[in-house]
Structures are given as structure tokens and as C-alpha cells.
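Okay, everyone, let me put this one up on the screen.

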Amino acid sequence: QVQLVESGGGLVQPGGSLRLSCAASGSIFSINVMGWYRQAQGKQRELVARATSGGSTNYADSVKGRFTISRDNAKNTVYLQMNSLKPEDTAVYYCNLKLYNGRWQDYWGQGTQVTVSS
């Protein structure tokens, strides 16, 4: 059983910062990818950032230089530090875990609302 628990969302003013956390529990295999997706009102879900168990990271162009993804493998936790937030960052953010044990399997957090507004 795999469960993802997210925290850290909320309301913040433009230019502010938030730090999202996602803790995974259950059978977490060594070959995995953890990341963050977001879905704004009326738009499709998009990848924000992801990090492999080997340490590689990648980001959407819209957040490069502002967001940082990091992992604590001992805690099976992934973080998303969001700085210089803009109104267009407003969305529901979802934690995602991809596990490989012969085939890739996807797991999702419940989503946390991030609202950037003055």
C-alpha cells in the first residue's frame, strides 16, 4: 500500500514563497521518480518539477529559476520550494510517485491548493 500525504499549500501574495511537502509511505522501491504536477482552473494538468531517485531533476520552463525540487530519501519525502510566486502559479498542486518493479505504476496525492493573490 502506497500513500502520499501533501502539506504546505495556502494563500500567498505575489512575490511570496511557499514550501510544499509530500511524504510517501508503503513499499517504495529504489527505482522511482517523485514530482509535482499542477492544474489551474480550466486548464490541463502539467508537470511542474520532478526528481529521480538517482538525483536528476527537471522543471517546467515557467518555473525555472523560481522553484526548487528536493528529496529526502531517508524520509521518502519530496519538497517543492516556490519563490517569487506569480498569480499564474495559482493551481491545485499534486504530488506524484512513479514506481518501477517490472512495470511503471503511478500514485497521486490528494492535491493541495496554492493561491497567489493580493
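This is a predicted model: local features need pLDDT of at least 70, side-chain atom pairs count only at pLDDT 80 or more; totals for chains, interfaces and linings use all residues.

So, Glu6: a polar atom of its side chain sits 3.2 Å from the backbone nitrogen of Gly111. Numbering runs from 1 along each chain as its sequence is written, and side-chain values use heavy atoms, with hydrogens and water left out.

Back to Glu6, which lies in strand E1, residues 3-7 (strands are DSSP runs of at least two residues, E, numbered from the N terminus). Is Glu6 buried or exposed? Glu6 is buried, meaning under 20% relative accessible area with a 1.4 Å probe, protein chains only. Yet Glu6 has no salt bridge (a side-chain nitrogen of Lys or Arg within 4 Å of a carboxyl oxygen of Asp or Glu). The nearest side chain of opposite charge is Arg45, 10 Å away. Beyond four places in sequence, Glu6 is in contact (heavy atoms within 4.5 Å) with residues including Cys22, Trp36 and Cys95.

Now over to Ser62, in the loop between strand E6 (57-59) and strand E7 (67-72). Its side chain comes to 3.4 Å from the side chain of Arg38 in a polar contact, that is, N or O atoms within 3.5 Å, one able to donate a hydrogen and the other to accept it; residues adjacent in sequence count only if both atoms are side-chain atoms.

How values were computed. Helices (H or I, at least four residues) and strands (E, at least two) are DSSP runs, numbered from the N terminus. Buried means under 20% relative accessible area, exposed over 50%, partly exposed in between (1.4 Å probe, protein chains only). Lys and Arg count as positive and Asp and Glu as negative; His and the chain ends are not counted.
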